[in-house]
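The entries below follow the order in which I looked.

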Amino acid sequence: MQVVRHISLPHIVPMLIVQLILAVGGIIRGDFGLFYYVPRNLGVLYPITEVIDTYVFKALTTNGDFGMSAAVGLFQSVVGCLMILLTNKLASSVDSSLGLF
């Protein structure tokens with residue numbers, strides 16, 4: 001247990017921090033396949049299973065609203081990027097060698 005505590009865990013921490021930073025950026029994304037292909041065309045389930053990815057897809061295929069789809073996709077990307085930067089800043093404030101950049 002001492003080997004795990006003093007050798008293994010300190011060597012695993014940087015990898016865990018990098019995985020955390022990358023995972024936080026993906027929190028805002030939804031599983032498109034799950035939320036689009038499982039309910040199919042059941043109108044009752046649309047309000048329940050609507051996520052950003054399916055909204056963009058439906059806006060493009062049904063309405064042809066390219067501007068709104070681009071704006072929503074850009075918003076999703078910006079929020080994900082800000083979450084990555086915030087998590088990286090938090091990791092760097094704990095230990096300067098733990099941040100990605």
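The model is a predicted one, in which local features need pLDDT of at least 70 and side-chain atom pairs count only at pLDDT 80 or more, while totals for chains, interfaces and linings use all residues. Residues are numbered from 1 along each chain as its sequence is written, and side-chain values use heavy atoms, with hydrogens and water left out.

Entry on helix α5. I found that α5 covers residues 66–94, has 29 residues and reaches 42 Å from its first C-alpha to its last, close to the 42 Å expected at 1.5 Å a residue. I called a residue buried under 20% relative accessible area, exposed over 50% and partly exposed in between, with a 1.4 Å probe and protein chains only. By that rule Ser69, Val72, Gln76, Gly80, Thr87, Asn88 and Ala91 of α5 are buried, and what covers the buried residues of α5 includes α1 (2–25) and α4.

Entry on Asn88. This residue lies in α5 and counts as buried because its relative accessibility is 4%. Counting contact as heavy atoms within 4.5 Å, and leaving aside neighbours within four places in sequence, I listed Ile21, Gly99, Leu100 and Phe101 as touching Asn88. A polar atom of the Asn88 side chain lies 2.6 Å from the backbone nitrogen of Leu100.

Entry on aromatic rings. I paired rings of Phe, Tyr and Trp (its six-membered ring) if their centres lie within 6.5 Å, with planes under 30 degrees apart taken as stacked, over 60 as edge-to-face and the rest as tilted. The search of the whole structure gave 5 aromatic pairs. In one of them, Phe32 and Tyr37 have ring centres 6.2 Å apart and planes at 85°, so I noted the pair as edge-to-face. Phe32 and Phe57 are also edge-to-face, because their planes stand at 75°, with the centres 5.3 Å apart. Phe32 belongs to α2 (residues 32–37) and Phe57 to α4 (residues 52–63), so this pair ties together parts that are 25 residues apart in sequence. Phe32 is partly exposed at 25% relative accessibility, Tyr37 is partly exposed at 47%, and Phe57 is partly exposed at 31%. Ring pairs link Phe32, Tyr36, Tyr37 and Phe57 into a cluster.

Definitions and conventions:
Helices (H or I, at least four residues) and strands (E, at least two) are DSSP runs, numbered from the N terminus. The expected span of a helix is 1.5 Å times one less than its number of residues. A polar contact is a pair of N or O atoms within 3.5 Å; within protein, one must be able to donate a hydrogen and the other to accept it, and residues adjacent in sequence count only if both atoms are side-chain atoms.
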